[in-house]
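I opened a new notebook page for this model. The entries below follow the order of my look-ups.

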Amino acid sequence: RVASAGVMRWVHRQLAADRDPARERIESQFEILKLDREAMARRYLDARRARRAAKSDSAAARNDADVREFRKLAGEFQQLVVARAVTADNQLEEVLADFWINHFNVFLGKNADRFLMPSYVEETIRPRALARFEDLLIATAESPAMMVYLDNTLSVAKGATSPRLERAERRA
């Protein structure tokens, strides 16, 4: 397509594209895109509770339905990235989204980022992949996933009480 249209014409078409029907068709097959942040959090917490309940019996923990479902969703999220990269007509947007996701990286395995990552990618990075850098920078800095990744819950002013310590003191 690039060779037949010419590089600059192809780039202009990519930048002007409002929709990507090929990507939309593939996205409709992914359950994870139908779940908001709260639904993901509930599923994660259910899986965590089930795993803790079965902690003494490791076989039961591995076979628990809630744990399996959450792992399936995590795997689906990885499959979505590949499916978009392969099928999307707007390849420029896909490459830039991948670039910005890597640039403003958060670790999927860290605490709440396990369930915040999909909304971080879908609501924070992807809508701004072709937008102004300033807007993307502010959105990533304010996103819950980045705040968890940067341990902002542990960051307190001198003389203040850490939220974790405060909760622990209330329990005592």
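Is Gly109 buried, partly exposed or exposed? I looked up its relative accessible area and got 30%. The cut-offs are under 20% for buried and over 50% for exposed, so Gly109 counts as partly exposed. A caution for my own use: the model is predicted.

Next, the place of Gly109. I found Gly109 in the loop that links α7 (91–103) to α8 (113–125). I also checked a distance to Tyr149, which lies 40 residues away along the chain. The two C-alpha atoms are 9.8 Å apart.

Second residue: Ser143. I located Ser143 in the loop between α9 (133–142) and α10 (144–149). Its relative accessible area is 4%. Buried means under 20%, so Ser143 is buried.

What is Ser143 in contact with, leaving aside neighbours within four places in sequence? I noted Tyr120 and Thr124. I then looked at the side chain of Ser143. One of its polar atoms lies 3.0 Å from the backbone oxygen of Thr140.

Last, the whole chain. I counted 11 helices and zero strands. The protein has 172 residues, and 33% of them are buried. I took contacts between residues at least 6 apart in sequence: 67% of these join residues at least 24 apart. The accessible surface comes to about 11,200 Å². Carbon and sulfur atoms account for 54% of that surface.

Conventions
Residues are numbered from 1 along each chain as its sequence is written. This is a predicted model: local features need pLDDT of at least 70, side-chain atom pairs count only at pLDDT 80 or more; totals for chains, interfaces and linings use all residues. Side-chain values use heavy atoms; hydrogens and water are left out. Helices (H or I, at least four residues) and strands (E, at least two) are DSSP runs, numbered from the N terminus. Buried means under 20% relative accessible area, exposed over 50%, partly exposed in between (1.4 Å probe, protein chains only). Contact means heavy atoms within 4.5 Å. Accessible areas come from the Shrake-Rupley method with a 1.4 Å probe; for residues, only the protein chains shown count as cover. A polar contact is a pair of N or O atoms within 3.5 Å; within protein, one must be able to donate a hydrogen and the other to accept it, and residues adjacent in sequence count only if both atoms are side-chain atoms.
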